[in-house]
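Thanks, everyone. Please have the viewer open.

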Amino acid sequence: LVLSGVAYGRPAERSSVHSNEWRHSNGYVFSTRGPSAFRLRFIPPSDFVPPLSSPMVSPDEPDAPFHAMNCSEGVGIGSSFGSICVSPVGAFSLHDASGR
């Protein structure tokens, strides 16, 4: 998990700037990084910026596919290796592929 920056609101839409991200209407930007990591960024809706490159998070393999989802905690994304969700109060939870 990579965290970089809380808000909550309407359902999200895919980002028109970066098609491999899912941006929530109030500033959460969800994506995967490499084959097995989630990235969650907190960015105000009016200040969208692309993720910064970092040698600390620079996998050699492509980012894993994911899908947007509603969770019992709120909203998030799911992938073959698990899911990440954010609640209306800004708490996030990570789940493995079994949902635990």
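First, a term. Two strands pair if DSSP finds at least two bridges between them. Strands themselves are DSSP runs of E with at least two residues, helices are runs of H or I with at least four, and both are numbered from the N terminus.

Now the ground rules. This is a predicted model, so local features need pLDDT of at least 70 and side-chain atom pairs count only at pLDDT 80 or more, while totals for chains, interfaces and linings use all residues. Residues are numbered from 1 along each chain as its sequence is written, and side-chain values use heavy atoms, with hydrogens and water left out.

How confident is the predictor? pLDDT is its confidence in each residue, from 0 to 100. The protein chain has a mean pLDDT of 76, and 68% of its residues reach 70 or more. Confidence is highest in β8, at 94, and lowest in strand β2, residues 13–14, at a mean of 42. Over residues 1–18 pLDDT stays under 50. The model has 53 contacts beyond four places in sequence for that stretch. Contact here means heavy atoms within 4.5 Å.

Overall layout. The protein chain has nine strands and zero helices. Buried residues make up 39% of its 100 residues. Buried means under 20% relative accessible area, exposed means over 50%, and partly exposed is in between, with a 1.4 Å probe and protein chains only.

Let's go to strand β4, residues 28–33. Is β4 largely enclosed or largely open? Five of its six residues are buried, so β4 is largely enclosed by the rest of the structure. On one pairing, strand β3, residues 22–23, meets β4 in the antiparallel sense over two bridges. Tryptophan 22 stands opposite phenylalanine 30 in β4. Then there is β5. β4 and β5 run antiparallel, joined by six bridges. Threonine 32 has phenylalanine 38 in β5 as its bridge partner. The two strands form a hairpin with three residues between them. In that turn, glycine 34 has a positive phi of about 70°.

Stay at the turn for a moment. Proline 62 sits in the loop between β5 (37–42) and β6 (67–70). At 67% relative accessibility, proline 62 is exposed. Which residues does proline 62 touch, leaving aside neighbours within four places in sequence? The answer is Gly34 and Pro35. Proline 62 and proline 35 are 27 residues apart in sequence, yet 6.2 Å apart in space, C-alpha to C-alpha.

Next, the interior. In soluble globular proteins, nonpolar side chains tend to be buried together. A nonpolar core, as used here, is a set of buried Ala, Val, Leu, Ile, Met, Phe, Trp, Tyr and Cys residues joined through side-chain atoms within 4.5 Å. The largest one has eleven residues: Trp22, Tyr28, Phe30, Phe38, Leu40, Phe42, Phe66, Val75, Ile77, Ile84 and Val86. β4, β5, β7 (75–79) and β8 (82–86) each supply at least two residues of this core. β5 gives the most, with three.

Now the rings. Rings of Phe, Tyr and Trp (its six-membered ring) pair if their centres lie within 6.5 Å; planes under 30 degrees apart count as stacked, over 60 as edge-to-face, and the rest as tilted. The structure holds four aromatic pairs. Tryptophan 22 and phenylalanine 30 make a tilted one, 5.4 Å centre to centre with 40° between the planes. Both are buried: tryptophan 22 at 8% relative accessible area, phenylalanine 30 at 0%. Tyrosine 28 and phenylalanine 42 have ring centres 5.3 Å apart and planes at 70°, so that pair is edge-to-face. Tyrosine 28 lies in strand β4 and phenylalanine 42 in strand β5, so the pair ties together parts that are 14 residues apart in sequence. Tyrosine 28 is buried at 1% relative accessibility, and phenylalanine 42 is buried at 15%. Ring pairs link Trp22, Tyr28, Phe30 and Phe42 into a cluster.

Last stop: histidine 95, in strand β9, residues 92–96. Histidine 95 is buried, with a relative accessible area of 18%. Its side chain reaches the backbone oxygen of glycine 99 at 3.5 Å. Leaving aside neighbours within four places in sequence, histidine 95 contacts Glu73, Phe81, Gly82, Ser83, Cys85 and Arg100.

Technical notes
A polar contact is a pair of N or O atoms within 3.5 Å; within protein, one must be able to donate a hydrogen and the other to accept it, and residues adjacent in sequence count only if both atoms are side-chain atoms. pLDDT is the predictor's confidence in each residue, from 0 to 100.
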